[in-house]
Amino acid sequence: MTVGTRQYESVNSTTTTMSGNADLTLTAASDKLQIVDPGGSARNLDLVFVDSSETGVTTGFAEVYIQNEADADEGITIRDGNNSDNAIGVLDQNAGGWFRFVGGQWVSSTSGLN
């Protein structure tokens, strides 16, 4: 099940260990459940849901759950990849949260420590 899907019967997940200076980017085609290890330092995760060649929003609804599985004090800054990389929220070590794209904007609901 991808981020742009509203059904809840099954959910695919992706586990990623970040490295280097690269940001992780999620799109509407990404899995709905993301388990992320920042890999040694604080990282950025960009949510991109508007095609840069278009002026309008191409995804009407999306949601993704992101879990920070860091083994040390390494935060993940969740950013709006289509809006100057504005920060949406920060997930600290062992924290997770839902991020929803509704009406052309991101809303978040972090769940704290998990």
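Me: What share of the contacts in the protein chain with a separation of 6 or more comes from residues 24 or more positions apart?
Reply: Such residues account for 51% of those contacts. Bear in mind that this is a predicted model.

Me: Ok. How many helices and strands does the protein chain have?
Reply: Zero helices and nine strands. From the N terminus on, the elements run β-β-β-β-β-β-β-β-β.

Me: Which strands form the open sheet, and in what order?
Reply: Four strands, in the order β2-β4-β6-β7, with mixed pairing. β2 (24-26) and β7 (86-91) stand at the edges with a single partner strand each, so one side of each has no neighbour in the sheet. From one strand to the next, the twist averages 25°.

Me: In what sense do β6 and β7 pair?
Reply: Antiparallel, over five bridges, with β6 covering residues 76-80. As for a specific bridge, Thr-77 has Val-90 in β7 as its partner.

Me: Switching to packing. Which residues touch the most other members of the largest nonpolar core?
Reply: Val-36, Leu-45, Leu-47, Ile-66, Ile-78 and Phe-99, out of 16 residues in that core. The elements that give two or more residues to this core are β2, β4 (43-47), β5 (61-68), β6 and β8 (95-102). β5 provides the largest share, three residues.

Me: What is Leu-47 in contact with, leaving aside neighbours within four places in sequence?
Reply: Its contacts include Leu-26, Val-64, Ile-66, Ile-78, Ile-88, Phe-99 and Trp-106. Arg-79, Asp-80, Gly-81 and Asn-82 are also among the residues that Leu-47 contacts.

Me: And how much of the protein chain is buried?
Reply: Of its 114 residues, 39% count as buried. The accessible surface comes to about 5800 Å², and 44% of that belongs to carbon and sulfur atoms.

Me: How many aromatic pairs are in the whole structure?
Reply: Two. In one, the ring centres of Tyr-65 and Trp-98 are 5.4 Å apart and the planes are at 65°, so the pair is edge-to-face.

Me: Is Tyr-65 buried or exposed?
Reply: Tyr-65 counts as buried, because its relative accessibility is 14%. Trp-98, at 28%, counts as partly exposed.

Me: What about the rings of Phe-101 and Trp-106?
Reply: Their centres are 5.1 Å apart and their planes are at 50°, so this pair is tilted. Both Phe-101 and Trp-106 are buried.

Definitions and conventions. Residues numbered from 1 in each chain as written. Predicted model: local features only at pLDDT ≥ 70, side-chain atom pairs only at ≥ 80, totals over all residues. Heavy atoms only, no water. Pairing = 2+ DSSP bridges. Axes fitted to C-alpha atoms, helices over the stretch in contact; angles between N-to-C directions. Buried < 20%, exposed > 50% of the residue type's maximum accessible area, 1.4 Å probe, protein only. Contact = heavy atoms within 4.5 Å. Areas by Shrake-Rupley, 256 points an atom, 1.4 Å probe, with all protein chains shown as cover. Core = buried A, V, L, I, M, F, W, Y, C linked by side-chain atoms within 4.5 Å. Phe/Tyr/Trp six-rings, centres within 6.5 Å; stacked < 30°, edge-to-face > 60°.
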